[in-house]
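Reader: I have a protein open on my screen and I would like to learn how to read it. Can we go through it in short steps?

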Amino acid sequence: MTNFNLLDNIMKKSCPIEYVAVSNINSVFGIQVATNATVARWFKKFRTGDFGLSNEQRGRPKTQVDNNVLKANVEANSSQSACELSILYNVSKQTILTHLAQIGKGKRQDKWIPHEITDTQKERKLDACLSLLSHNKVEPFLNFETYA
């Protein structure tokens, strides 16, 4: 006897009304349109007197990480890894990475820093680029033909 047949026999004996309902629904609408678990949930709802067809309200689960607390924690010690933070907050690493992105933090050189570049950093990058381009005019080291 296969596992499905064994489960089928248990279902027949434990809740025959639900089993018959599943069989009837699936014979009319096609195989596996309704599962035993779904029909059992419907019957449980109906037995309490709730015959409404609307689904219960669902919402996003309450977040387990407060972004303000996380931001303060990261700013106090920016060398913590996402793994360490996930253990500290008892959530997955991906959850921590999502919240860090929400507060504008990214991992750079083993520290969590803001994603934005300051005006001073922009000026230093521009100076470096201009310096390299002017050096290339005097002593060519960028060979553009090989990249074309």
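This is a predicted model: local features need pLDDT of at least 70, side-chain atom pairs count only at pLDDT 80 or more; totals for chains, interfaces and linings use all residues.

Reader: At roughly what angle do the axes of α4 and helix α6 cross?
Author: Helix α6 covers residues 93-102, and its axis comes within 10 Å of the axis of α4. The contacts pair N67, L70 and V74 in α4 with H99, L100 and Q102 in α6. The two axes cross at roughly 90°.

Reader: Which word describes how α4 lies to α6: parallel or perpendicular?
Author: Two packed helices are described by the angle between their axes and the distance between the axes. For α4 and α6 the crossing is roughly 90°. Angles of 65 to 115 degrees count as roughly perpendicular. So α4 is, to α6, roughly perpendicular.

Reader: At roughly what angle do helix α5 and α6 cross?
Author: Helix α5 spans residues 82-89, and its axis comes within 8 Å of that of α6. A82, C83, L85, S86 and Y89 in α5 touch K93, I96, L97 and L100 in α6. That makes α5 roughly perpendicular to α6. The angle is roughly 105°.

Reader: Where does N90 lie, and what is its phi near?
Author: N90 sits in the loop between α5 and α6. Most residues other than glycine have a negative phi. N90 is not glycine, yet its phi is positive. The value is near 60°.

Reader: Is N90 buried or exposed?
Author: The relative accessible area of N90 is 68%. The cut-off for exposed is over 50%. Therefore N90 counts as exposed.

Reader: How many salt bridges does a search of the whole structure find, and which residue does E75 pair with?
Author: The search finds one salt bridge. It involves E75, and the closest N and O atoms are 3.5 Å apart. E75 belongs to helix α4, while its partner belongs to strand β1 (residues 105-108), 30 residues apart. The partner is K105.

Reader: Why does K105 count as buried?
Author: Buried means under 20% relative accessible area. K105 falls under that cut-off, so it counts as buried. Its relative accessibility is 9%.

Reader: How far apart are the C-alpha atoms of K71 and Q102?
Author: K71 is in helix α4, residues 67-76. At 34% relative accessibility, K71 counts as partly exposed. Along the chain, K71 and Q102 are 31 residues apart. Their C-alpha atoms are separated by 10.0 Å.

Reader: Which residues does I25 contact, leaving aside neighbours within four places in sequence?
Author: Start with the place of I25: helix α2, residues 16-29. I25 counts as partly exposed, because its relative accessibility is 23%. T35 is 10 residues away in sequence, and the C-alpha atoms of I25 and T35 are 9.5 Å apart. The contacts of I25 beyond those neighbours are G30, A34, V39 and W42.

Reader: What accessible area do the residues of the nonpolar surface patch have together?
Author: The patch is formed by L126, L130, L132, L133, F141 and L142. One of them, L130, lies in helix α7, residues 119-138. L130 is partly exposed, at 47% relative accessibility. Together the patch residues have about 560 Å².

Reader: In what order do the elements of the protein run?
Author: Count the elements before you order them. The protein has seven helices and two strands. From the N terminus on, the order is α-α-α-α-α-α-β-β-α.

Reader: What percentage of the residues count as buried?
Author: The protein exposes about 12,100 Å², and carbon and sulfur atoms supply 58% of that. Among contacts with a separation of 6 or more, residues 24 or more positions apart account for 36%. The protein has 148 residues.

Terms used:
Residues are numbered from 1 along each chain as its sequence is written. Side-chain values use heavy atoms; hydrogens and water are left out. Helices (H or I, at least four residues) and strands (E, at least two) are DSSP runs, numbered from the N terminus. Buried means under 20% relative accessible area, exposed over 50%, partly exposed in between (1.4 Å probe, protein chains only). Contact means heavy atoms within 4.5 Å. Patches are made of residues with over 30% relative accessible area and no salt bridge: like charges are joined within 9 Å, nonpolar side chains (Val, Leu, Ile, Met, Phe, Trp, Tyr) within 5 Å. Accessible areas come from the Shrake-Rupley method with a 1.4 Å probe; for residues, only the protein chains shown count as cover. A salt bridge is a side-chain nitrogen of Lys or Arg within 4 Å of a carboxyl oxygen of Asp or Glu. Axes are lines fitted to C-alpha atoms, for helices over the stretch in contact, and angles run from 0 to 180 degrees between N-to-C directions. Angles under 35 degrees count as roughly parallel, over 145 as roughly antiparallel, 65 to 115 as roughly perpendicular and the rest as oblique.
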